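Hi everyone, thanks for making time this morning.

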Amino acid sequence: MHRRSLLAAIAWLIASSAHAPALAREGGPAGLQNSVRVRQVMVPVIVNGQVERYATYEVTLEIAVPARVPEIQAMTPRLQDTVTAVVYEGVEKGWIVRGVISNGNALRARLEEACNALLGKGTVARALITPATRSAM
């Protein structure tokens, strides 16, 4: 977790430096400004009717128009609800099995669809979902 924080701080410093426009053209760290991170989603992994552990997922939305990022960040509570509902839907549909993403394409497509329904068609260019942790009970 410390490494991720350090990398994020370095990326921010680079993006805010005088070289940010050049890096943005090259798809470097300045490109991170077009994304919105949604708070982690925790899902219980139920085996034989009991919670065996929890799986946590991080979701980042790449926004098609970077100028809309502040507006979308103000909507994070609604985004959190939408993302949580889709992740739980993924569990129901078998896209997430025992805490492991088994059909990432379907889950990502559904996240993009649901978030674009909330924010407006074409707002979310891409949804990224990654496992953060799996904790034992």
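Let me start with Glu 52, which counts as partly exposed at 31% relative accessibility. On that scale, buried is under 20% relative accessible area, exposed is over 50%, and partly exposed is in between, using a 1.4 Å probe and protein chains only.

A quick word on where this comes from: this is a predicted model, in which local features need pLDDT of at least 70, side-chain atom pairs count only at pLDDT 80 or more, and totals for chains, interfaces and linings use all residues. Residues are numbered from 1 along each chain as its sequence is written, and side-chain values use heavy atoms, leaving out hydrogens and water.

So, what does Glu 52 form a salt bridge with? The partner is Arg 98, and the closest N and O atoms are 3.1 Å apart. By salt bridge I mean a side-chain nitrogen of Lys or Arg within 4 Å of a carboxyl oxygen of Asp or Glu. Glu 52 sits in strand β2 (residues 50-63) and Arg 98 in the loop between β3 (96-97) and β4 (100-101), so this pair ties together parts that are 46 residues apart in sequence. Helices (H or I, at least four residues) and strands (E, at least two) are DSSP runs, numbered from the N terminus. Arg 98 is partly exposed too, at 46%.

Now over to Glu 89, which is buried at 18% relative accessibility. Glu 89 forms a salt bridge with Arg 110, with 3.1 Å between the closest N and O atoms. That pair links distant parts of the chain, with Glu 89 in helix α4 and Arg 110 in helix α5 (residues 104-119), 21 residues apart. Glu 89 also meets Lys 93 in a salt bridge, 3.4 Å from N to O. Those two are four residues apart in α4 (residues 76-93), about one helical turn. Lys 93 is exposed, at 52%, while Arg 110 is partly exposed, at 23%.

Finally, how do α4 and α5 pack? Their angle is about 150°, with the axes 10 Å apart. Axes here are lines fitted to C-alpha atoms, for helices over the stretch in contact (heavy atoms within 4.5 Å), and angles run from 0 to 180 degrees between N-to-C directions. Among the residues that meet are Val 86 and Glu 89 in α4, and Leu 111 and Arg 110 in α5.
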